[in-house]
Amino acid sequence: MSPKPTIHFFEITPDEHRYFQHTLKNHTVTFTDQPLNIESAELAKNADIISIYVTSRVEKKILELLPKLKLITCRSTGYDNVDLATIRHQQVLLSNVPGYGEDTVAEYTFMLMLALSRRLLPALEQARSGHMDHSTLTGFNLAGKTLGVIGTGAIGKHVVRIANGFGMKVLAYDPFPNQGLEYEYNMQYVKIIELLSQSDIVTLHAPYMAENHHMINKNAFDRMKPTALLINTARGELIDTQALVVALASQQLGGAALDVIEGEKLLELNEETELLKKTTDRGFNYVLEQLILEKLPNVIITPHNAFNSYEALEWIRHTTVDNIGSFVAGQPKNLVK
Ligand code: NAI
């Protein structure tokens, strides 16, 4: 590895631009606010290292345009937007930023949970309009309710910790249980079927992989309580959105708060013509499903924003510089295996 590699940052914000320009001033660094895609890949054709965020896609036809690439460093924990088989085949390494969401995303999860359980959105609307009707705003306590936590890694663990503070009963499911958690906190690992049928609120904190595509689907909704709330701050593709729409519309589910939604990358395309160019039949369905969800009174949608705290942003920037520095020094850190 040359001591002065060429690094290209995609999906960069003005603050990140200033930070990385300053901290990596001894390197050749270029920036774009565009995600990495077939059109923008040209910008990084000479790059040894690229840094991306969640809207970028790394797949075979894009990697072919980046012949010098040796390292991709994701400024995120999740890396489901990277085709792992292809990068392994091309001997490109991948690093991520583990753990930054442990407080940030866990706290956001509770914000969503409380906003749903205490009917915050209709309360705000009524306060703004001046037409108050408390009979339509009655909520429920978290204390004494059962929370089902799917995925007990960095974020899920902190969700368990906070839930204990609220006096909730906690059930958890993880294919790789962290047994120490059952000693540290008041919680119990159970089978996913049991978690779904017993929980008043189910919250998702698992990474997205092909194996858990639509893990929350019609079968899951059939098992859940009709009053249950579903919170997703993990990845949209974990939920079958069509089945969610049906479950909500038929009152088979009490409500949902979604920071992430299936097909969100398509939905981020602002220009309708761009959308028309890139979307598929399934893409139109995503748009339609989101429009329906946005109209339902028991649904909250936020724009993949759970990561967005000053503390998390600092963690992401610091770790990304460290990932690049350690790779250049020949001792790469935070590599995705
Ligand atoms: P982590 O890697 O520390 O924990 C993930 C846990 O999920 C692990 O314990 C793993 O064993 C478990 N898991 C794997 N497959 C599972 C399955 N099928 N069912 C249940 N559990 C499963 O990751 P961390 O930091 O807790 O983040 C979790 C996810 O949250 C990330 O992969 C990312 O997709 C998402 N995320 C979303 C953010 C946002 O802004 N909305 C910000 C940060 C992360």
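The accessible surface of the protein chain in this predicted model comes to about 16700 Å², and 55% of that surface belongs to carbon and sulfur atoms.

Along its principal axes, the C-alpha trace spans about 65 × 50 × 40 Å. A compact globule with 337 residues would have a radius of gyration near 20 Å, and because the protein chain has 21 Å, the value agrees with that expectation. As for secondary structure, the chain has 14 helices and twelve strands. When we take the contacts with a separation of 6 or more, 62% of them are accounted for by residues 24 or more positions apart.

Now, how is the chain divided into domains? The domain assignment gives domain 1, which is made up of 6-100 + 310-328, and domain 2, which covers 102-301. The C-alpha centres of domain 1 and domain 2 lie 29 Å apart, and where the two meet, twelve residues of domain 1 are in contact with eight residues of domain 2.

Please look at the loop between strand E2 (28-31) and strand E3 (49-52), which is where Thr 32 is found. Is Thr 32 buried or exposed? Its relative accessible area is 8%, and since buried means under 20%, Thr 32 counts as buried. If we leave aside its neighbours within four places in sequence, Thr 32 is in contact with His 8, Phe 9, Phe 10, Glu 11, Ile 12 and Leu 43.

Thr 203 lies in strand E9, and it is buried, with a relative accessible area of 0%. Among its contacts, again leaving aside neighbours within four places in sequence, are Thr 109, Leu 147, Val 159 and Ile 231. Thr 203 and Met 113 are 90 residues apart along the chain, and yet their C-alpha atoms are separated by 9.0 Å.

Ala 206 lies in the loop between strand E9 (201-204) and helix H9 (218-223), and it is buried as well, with a relative accessible area of 13%. Not counting residues up to four places away in sequence, Ala 206 touches Ile 150, Gly 151, Asn 212, Ala 234 and Leu 238. Arg 282, on the other hand, is 76 residues from Ala 206 in sequence and 24 Å from it in space, C-alpha to C-alpha.

Finally, a word about backbone angles. Most residues other than glycine have a negative phi. Against that background, which value does phi take in Gln 251? It is near 55°, a positive value in a residue other than glycine. Gln 251 has its place in the loop between helix H10 (241-249) and strand E11 (255-258), and it is exposed, with a relative accessible area of 64%. Asn 334, which is not a glycine either, has a positive phi of about 55°. We find Asn 334 in the segment after helix H14 (310-328), and at 29% relative accessibility it counts as partly exposed.

Definitions and conventions: Residues are numbered from 1 along each chain as its sequence is written. This is a predicted model: local features need pLDDT of at least 70, side-chain atom pairs count only at pLDDT 80 or more; totals for chains, interfaces and linings use all residues. Side-chain values use heavy atoms; hydrogens and water are left out. Helices (H or I, at least four residues) and strands (E, at least two) are DSSP runs, numbered from the N terminus. The radius of gyration is taken over C-alpha atoms; the globule rule is 2.2 Å times the number of residues to the power 0.38. Contact means heavy atoms within 4.5 Å. Accessible areas come from the Shrake-Rupley method with a 1.4 Å probe; for residues, only the protein chains shown count as cover. Domain bounds come from an automatic or database domain assignment. Buried means under 20% relative accessible area, exposed over 50%, partly exposed in between (1.4 Å probe, protein chains only).
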